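Dear colleague,

Please find below the structure that I am handing over to you. My notes on what was found in it follow directly after.

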There are 2 protein chains.
Amino acid sequence: MSDRWRNWIIRGIFTCLMVTGFGIIIYGGPLALMVTTLVVQVKCFEEIINIGYTVYRIHGLPWFRSLSWYFLITSNYFFYGENLMDYFAVVINRTDYLRVLVTYHRFISFCLYIMGFVWFVLSLVKKYYMKQFSLFAWTHVALLIVVTQSYLIIQNIFEGLIWFIVPVSMIVINDIMAYVFGFFFGRTPLIKLSPKKTWEGFVGGGISTVILGLLMSYVICQYRYFVCPIEYSEALGRMTMDCEPSYLFRPQEYTLPTETLQNLSNWLGWKGTITMYPFLLHSLSMSVFSSVIGPFGGFFASGFKRAFKIKDFGDVIPGHGGIMDRFDCQYLMATFVNVYISSFIHTASPQKLLQQSDGILSQVYNLKPEQQLQLFYTLRDALEHRGILNTP
Amino acid sequence: MSDRWRNWIIRGIFTCLMVTGFGIIIYGGPLALMVTTLVVQVKCFEEIINIGYTVYRIHGLPWFRSLSWYFLITSNYFFYGENLMDYFAVVINRTDYLRVLVTYHRFISFCLYIMGFVWFVLSLVKKYYMKQFSLFAWTHVALLIVVTQSYLIIQNIFEGLIWFIVPVSMIVINDIMAYVFGFFFGRTPLIKLSPKKTWEGFVGGGISTVILGLLMSYVICQYRYFVCPIEYSEALGRMTMDCEPSYLFRPQEYTLPTETLQNLSNWLGWKGTITMYPFLLHSLSMSVFSSVIGPFGGFFASGFKRAFKIKDFGDVIPGHGGIMDRFDCQYLMATFVNVYISSFIHTASPQKLLQQSDGILSQVYNLKPEQQLQLFYTLRDALEHRGILNTP
């Protein structure tokens, strides 16, 4: 068997293994997913840092590796702190030393960072100045890419597993389908950066992503396990996904927007309306993003690899290269989903209004009883004063 | 007159001019300060980018400058949006097109960023790959330093002008006094990075900063103009600083912590207590930070200049160099103050509790009247249910 074929087979087998692994991790629940995100983050960081190390060909550089890892830990403490504090507020407030870590969380993070900064300045050695500064910048860019993204991914997971599974799968589907279409129909080169990519693969992959993405969303929409936001249940001592599904995941009747479409639907006996999960519309936006912009993450990564004359980011996954080679497009997607949720899900839905009130109320309940009472009276007076509340 | 002396005089004159200018801008009020911050930010960014341009010695690089400025505008839109939205909520909600810019602010920022990202990928040209990626990273690090800092500075200004004036002046005082002490008493070299800095300057500058910082804080504490948080007054159509000063800026009686100190104070006829503004304690922390850690910002900058073999960041200020040369230490300070406020001022003070309630209430008032009413009833029921509220 030729090397080329052997490589195809290995690549195929490991693709299947990874997809299966992904399924198992999802079955393992949110905690398993978060731990996986963390592990992937650490591996990606390691790969990026190792490339920096190779590019600048320095081995005696004092403290560089320790400093990089130190900054990784510091920034994780900062971002995870910001993230998890709200969700675990109840548990955290019971444990004294944890409370300190949380109350002064920003200050501690800053002090840790400043310590790293001072350490860097003190570690500067005359003949290495330029390399040290370059690698310092390199580390910070790596942190920016890796840590902030994994922070956003974890935020998405808390919104409900569906906000994690659907986008991640879309990128995977797009990768695979673009490859398949390119393999069978590929003729027109797409971009100079990646000579193997073709327009046929890009378009075919895109259309498949939209269709398969919608199908997948339709199925996943029906399980509370996937659609409910994750909450920490104090009674059970673990994270739970149980709720009355939000309106996004309950079938809604939509009137078709144009007359032509309405006539068409009447002719089909559909009464000019269509019933579907509102989430499918969001799924559509995500699939369009993942098939149009997603590939640019890949182009960026291949440009990067060419710039620094490396073949792959690593060699952890046989047939695929490093972890970064497989996750290059996921990074843009995670940010997109996060921004999308905060812009369209948290503001536009009718349910948002309720969630907003809930958010405010939970802040009130975090106050001391006497403050709650005082706030209540202040609110009552204000509402009376404004004529909103009329007490007899 | 020798060149060296001429330089001293020019430097001295421009130091005075800058200090005077600073005073005038403060007199101009918060808007003038924010505009200045923005201008300084843009100039610093320009200087950093120009150095990148020089270091990589490329002049035909496609789109690099436009891209950098594009990212600067995008990130400013993002950060200023996040910042100013809350303060100008009332005004913004009245203007329809502004409301769109605000409601979908994150999404728009993200789209703008993605456009820049795609533009970068499309602008990649084979023989420049490595330089283009290096400069892409360079631009991002510059953004990280410049834009996030000016965002934090503006946040500090909103907390009250004192949180801006005191720390900025401390760094200036520390710079000047370290120079003066070094000039007269400097013998022991401090750090290899900056051969001209001495331990005597470091220590003398530090002590002067603490003393002068406390004195200055004591004076500034007494003016509402400086201590009141900045609010946008709809009636006046401008930003105002008028309030009942928070307890930080009202003299408080403190019991001296140890018996020795109490005896000493009794002997002086002080009754074992000391009366002062609580802000002075915070001023102390800030002055310690600015004199111990502040100089490391300067060391970092001189290391950077050595690494890339440049003398100064620019030549805008005669005798001083570029704007970055004068603001290098301010950057760490701004972050410190911001974190300090969020960790110690917003949480630990007795007034905090009130502010917290105020924050919650202002969220309530942003809801629609019927939602406010509904929230009120939900809160009433919850408080009754918990036995906090007893209605007859």
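E46(B) has a relative accessibility of 28% and therefore counts as partly exposed. Its salt-bridge partner is K43(B), with 3.1 Å from N to O. K43(B) likewise counts as partly exposed, because its relative accessibility is 28%. Both E46(B) and K43(B) belong to helix α2 of chain B, which covers residues 30–55, and they are three residues apart, about one turn of the helix. Please bear in mind that this is a predicted model.

Chain A contains a salt bridge between K43(A) and E46(A), again with 3.1 Å from N to O. These two residues lie in helix α2 of chain A (residues 30–55), with a spacing of three residues, about one turn of the helix. K43(A) has a relative accessible area of 27% and is partly exposed; E46(A), at 28%, is partly exposed as well. Over all chains, the structure holds eight salt bridges. In general terms, side chains of opposite charge can pair when their charged atoms come close.

A further salt bridge joins E244(B) to R224(B), whose closest N and O atoms are 3.6 Å apart. This pair connects distant parts of the chain: E244(B) sits in the loop between β2 (238–240) and β3 (252–255) of chain B, while R224(B) is in helix α10 (residues 224–227) of chain B, 20 residues apart. In chain A, R224(A), D242(A) and E244(A) are joined into one network by salt bridges that share partners. As to accessibility in chain B, E244(B) counts as exposed because its value is 58%, whereas R224(B), at 37%, counts as partly exposed.

There is also a patch of positive charge on the surface, formed by R4(A), K192(A), K196(A), R306(A) and K126(B). Within this group, R4(A) is located in helix α1 of chain A, residues 3–27. R4(A) is exposed, since its relative accessible area is 55% and exposed means over 50%.

Turning to aromatic residues, a search of the whole structure finds 81 aromatic pairs over all chains. One of these is the tilted pair F184(B) and F185(B), with 6.4 Å centre to centre and 55° between the planes. F184(B) counts as exposed at 59% relative accessibility, and F185(B) as partly exposed at 46%. W199(B) and F202(B) form an edge-to-face pair, 5.7 Å centre to centre with 90° between the planes. Both are in helix α9 of chain B (residues 199–220), three residues apart, about one turn of the helix. W199(B) is partly exposed, with a relative accessible area of 42%.

One aromatic cluster includes residues of chain A, among them Y70(A), F71(A), Y113(A) and W119(A), together with W138(B), F300(B), F304(B) and F308(B).

Finally, two backbone angles deserve a note. Most residues other than glycine have a negative phi. K309(A), however, has a positive phi, near 50°, and K309(B) has a positive phi near 55°. K309(A) is in the loop between α13 (294–307) and α14 (323–348) of chain A; K309(B) is in the loop between α13 (294–307) and α14 (323–348) of chain B. K309(A) counts as exposed at 72% relative accessibility, as does K309(B) at 73%.

Yours sincerely

Key. Residues numbered from 1 in each chain as written. Chains lettered and ligands numbered in written order. Predicted model: local features only at pLDDT ≥ 70, side-chain atom pairs only at ≥ 80, totals over all residues. Heavy atoms only, no water. Patch = residues over 30% accessible without salt bridge, like charges linked within 9 Å, V, L, I, M, F, W, Y side chains within 5 Å. Areas by Shrake-Rupley, 256 points an atom, 1.4 Å probe, with all protein chains shown as cover. Salt bridge = Lys/Arg side-chain N within 4 Å of Asp/Glu carboxyl O. Lys, Arg positive; Asp, Glu negative; His and termini not counted. Charge placed at Lys NZ, Arg CZ, Asp CG, Glu CD. Helix = DSSP H or I, 4+ residues; strand = E, 2+ residues; numbered from the N terminus. Buried < 20%, exposed > 50% of the residue type's maximum accessible area, 1.4 Å probe, protein only. Phe/Tyr/Trp six-rings, centres within 6.5 Å; stacked < 30°, edge-to-face > 60°.
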